[in-house]
Amino acid sequence: MTKHICIIEDNPTLQLFYVSVIENKFEDIKISTFNNSEEYLEKVLDNNKLKLQQDLLILDYKLENMNGCQLLDYLNRRSILSKLKVIIISGMDLDIVKKDLSYLIHDPDIVLMEKPVAVDALFNCINNLLK
């Protein structure tokens, strides 16, 4: 069965890196990319319900206008986050990110990774969440 991964990353080089890792390491995967949270919400939600089924969301923490924490909070308030597995990738101090995400960080379906992300670490994380 085809798995669907959504990637929200505003850096085109990193977006391409994530897509490349996924395409080279996994078979039968559909990938949708978004440059920001607003674009993602516009394409994925309809009346606060998911209109685009996804198995995994890979999310940059530091995005303009609506950062990763704000997006997860938005999805959580609409009871959508519980249906998603998420990898949050951040170049910021992870202690600060953990503090922002303290109410979510113990969820086994939400994983925090630090930039730069190693190919093997990203592969293993994706593989574990898609099982």
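Reader: Does Gln15 count as buried or exposed?

Author: Please note that this is a predicted model, in which local features need pLDDT of at least 70, side-chain atom pairs count only at pLDDT 80 or more, and totals for chains, interfaces and linings use all residues. Residues are numbered from 1 along each chain as its sequence is written, and side-chain values use heavy atoms, with hydrogens and water left out. Buried means under 20% relative accessible area, exposed over 50%, and partly exposed in between (1.4 Å probe, protein chains only). Gln15 has 12% relative accessibility and therefore counts as buried.

Reader: Which residues does Gln15 touch, leaving aside those up to four places away in sequence?

Author: Gln15 touches Ile7, Glu9, Thr33, Phe34 and Asn35, where contact means heavy atoms within 4.5 Å. A polar atom of the Gln15 side chain lies 3.3 Å from the backbone oxygen of Phe34.

Reader: How are two packed helices described?

Author: The description uses the angle between their axes and the distance between the axes. Here the axes of α2 (residues 37-44) and α3 (residues 68-77) come within 10 Å and cross at roughly 25 degrees. That makes α2 roughly parallel to α3, a term for angles under 35 degrees.

Reader: Which residues make the contact of α2 with α3?

Author: Ser37, Tyr40 and Leu41 of α2 meet Leu71, Tyr74 and Leu75 of α3. Five of the contact residues are nonpolar, one is polar and none is charged.

Reader: Which residues of α3 are buried?

Author: They are Gly68, Cys69, Leu71, Leu72, Tyr74 and Leu75. Their cover includes β1 (3-8), α2 and α4 (94-100).

Methods:
Axes are lines fitted to C-alpha atoms, for helices over the stretch in contact, and angles run from 0 to 180 degrees between N-to-C directions. Helices (H or I, at least four residues) and strands (E, at least two) are DSSP runs, numbered from the N terminus. Angles under 35 degrees count as roughly parallel, over 145 as roughly antiparallel, 65 to 115 as roughly perpendicular and the rest as oblique. Ala, Val, Leu, Ile, Met, Phe, Trp, Tyr, Cys and Pro count as nonpolar, Asp, Glu, Lys and Arg as charged, and the others, Gly among them, as polar. A polar contact is a pair of N or O atoms within 3.5 Å; within protein, one must be able to donate a hydrogen and the other to accept it, and residues adjacent in sequence count only if both atoms are side-chain atoms.
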